[in-house]
Amino acid sequence: TKVLACAFSNVGADNLAEQMLKLGLNVVRIGKPSAVSKHLWEHTLEHAIDQDPTAQRALANAASATAQLSKSKLAANPGKRSSSVGPAKGAPSAQVVRDLATAAVRASIQAANVAATKALRRADVVVCTSTGAADPRLLAACGIVTDQDAKEVIRGPNVSKKPISAAASGDRTNMVRAMAPDKRPPISMPFVMIDEACQSVEPASLIPLTASNSCRSLVLLGDPCQLPPTVRSSPTSPLSVSLMERLASTLQHPVMVTAQNDQTTK
């Protein structure tokens with residue numbers, strides 16, 4: 001069973017990933033490479049995609065096709081070139097080149113999603129920031145169709161409409177694919193843990209809950225006596241109350257940790 005472990009900050013997410021690795025768990029860290037600790041590079045989706053030959057071939061083909069598209073546009077506008085030579089005879093039309101480039105880019109995205117999905121399937125724990133749980137590769141692995149994807153999806157036997165909670169989407173519906181990019185059932189992550197939960201605005205905390213469309217158990221970790229959510233619009237905004245603080249005030253008394261067993265080597 002997989003766990004989606006999130007934190008408010010990238011530093012917090014890195015700390016979670018490092019502690020999970022010390023426990024001997026297989027960890028995948030999702031996030032922008034520039035925001036992730038260099039020590040965790042081998043556990044990122046980018047590294048998994050780099051190590052996948054099929055994804056690399058597709059990405060190389062996409063780069064070649066887009067370069068050809070740029071040349072085609074340049075040939076179609078000789079006034080913008082240093083040379084006045086027009087397109088060569090027998091060369092494919094601009095529309096054909098554009099279609100080929102579009103197809104190559106889509107194929108590269110699909111190949112990268114397949115490589116990412118394979119890495120996510122091998123993971124025991126997927127670690128990211130709360131907002132990072134909206135990573136399109138994670139959503140694809142969980143079978144969720146984003147708004148952008150929905151514009152290109154043709155309704156068929158592999159696509160169904162499934163409502164999500166009103167708290168997350170109001171009257172909207174969420175389209176869920178029956179298959180993940182690797183042609184297997186979508187990944188399920190029924191356990192979600194959010195660290196630094198008191199610093200996150202409630203909408204950000206809701207992202208991990210709906211990202212996998214399968215959350216059944218939620219653990220919120222945080223200190224209500226420390227930094228609250230940062231809301232610049234108004235200090236009295238409802239967003240200034242975190243999900244953890246709101247639930248703690250309405251549900252049964254939360255578990256309070258009064259002692260910390262920190263075994264980290266100094």
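Predicted model: local features only at pLDDT ≥ 70, side-chain atom pairs only at ≥ 80, totals over all residues.
Helix H1 is followed by Gly24, whose phi is positive, near 85°. H1 contains 13 residues, and the distance from its first C-alpha to its last is 18 Å, close to the 18 Å expected at 1.5 Å a residue. Several of its residues are buried, namely Gly12, Ala13, Asp14, Leu16, Ala17 and Met20. An α-helix has 3.6 residues a turn, so residues three or four places apart point the same way. The cover over the buried residues of H1 includes strands E1 (3-7), E2, E3 and E6.

These strands belong to a sheet. Five strands form this open sheet, in the order E2-E3-E1-E6-E7, and their pairing is parallel. E2 and strand E7 (217-220) are the edge strands, each of which pairs on one side only. From one strand to the next, the twist averages 20°. Strands of a sheet pair through backbone hydrogen bonds, either parallel or antiparallel. E1 and E6 run parallel and are joined by five bridges. Ala5 has Met193, in E6, as its bridge partner.

Strand E3 (residues 125-129) includes Thr129. This threonine has a relative accessible area of 10% and is therefore buried, given that the limit for a buried residue is under 20%. When residues up to four places away in sequence are not counted, Thr129 touches Cys6, Ala7, Phe8, Ser9, Asn10, Ala13 and Arg29.

The whole structure has five salt bridges. In one of them, the side chain of Arg29 meets that of Asp14, with an N to O distance of 2.9 Å. Arg29 and Asp14 are both buried.

A salt bridge also joins the side chains of Glu46 and Arg137, again described by an N to O distance, here 2.9 Å. Glu46 is in helix H2 (residues 45-50) and Arg137 is in helix H5 (residues 136-141), so this pair ties together parts that are 91 residues apart in sequence. Both Glu46 and Arg137 are buried. A network of salt bridges links Glu46, Asp135 and Arg137.

Another salt bridge is formed by the side chains of Asp182 and Arg121, at 2.6 Å from N to O. Here too, distant parts of the chain are linked: Asp182 is in the loop between strand E5 (173-177) and strand E6 (191-195), and Arg121 is in helix H4 (residues 94-122), 61 residues apart. Asp182 counts as buried because its relative accessibility is 15%. Arg121 is likewise buried, with a relative accessible area of 19%.

Helix H4 also holds Thr117. With a relative accessibility of 0%, Thr117 counts as buried. Leaving aside residues up to four places away in sequence, Thr117 touches Ala141, Ala180, Pro181, Asp182 and Ile187.

Most residues other than glycine have a negative phi, and most peptide bonds are trans. Lys183 has a phi near 65°, a positive value in a residue other than glycine. Lys183 is placed in the loop between E5 and E6. Its relative accessible area is 66%, so Lys183 is exposed. Glu196 also has a positive phi, near 55°, and is a residue other than glycine. Glu196 is in the loop between E6 and helix H8 (202-211). In this case the relative accessible area is 19%, and Glu196 is therefore buried.

How values were computed:
Residues numbered from 1 in each chain as written. Heavy atoms only, no water. Salt bridge = Lys/Arg side-chain N within 4 Å of Asp/Glu carboxyl O. Buried < 20%, exposed > 50% of the residue type's maximum accessible area, 1.4 Å probe, protein only. Helix = DSSP H or I, 4+ residues; strand = E, 2+ residues; numbered from the N terminus. Contact = heavy atoms within 4.5 Å. Expected span 1.5 Å × (residues − 1). Pairing = 2+ DSSP bridges. Axes fitted to C-alpha atoms, helices over the stretch in contact; angles between N-to-C directions.
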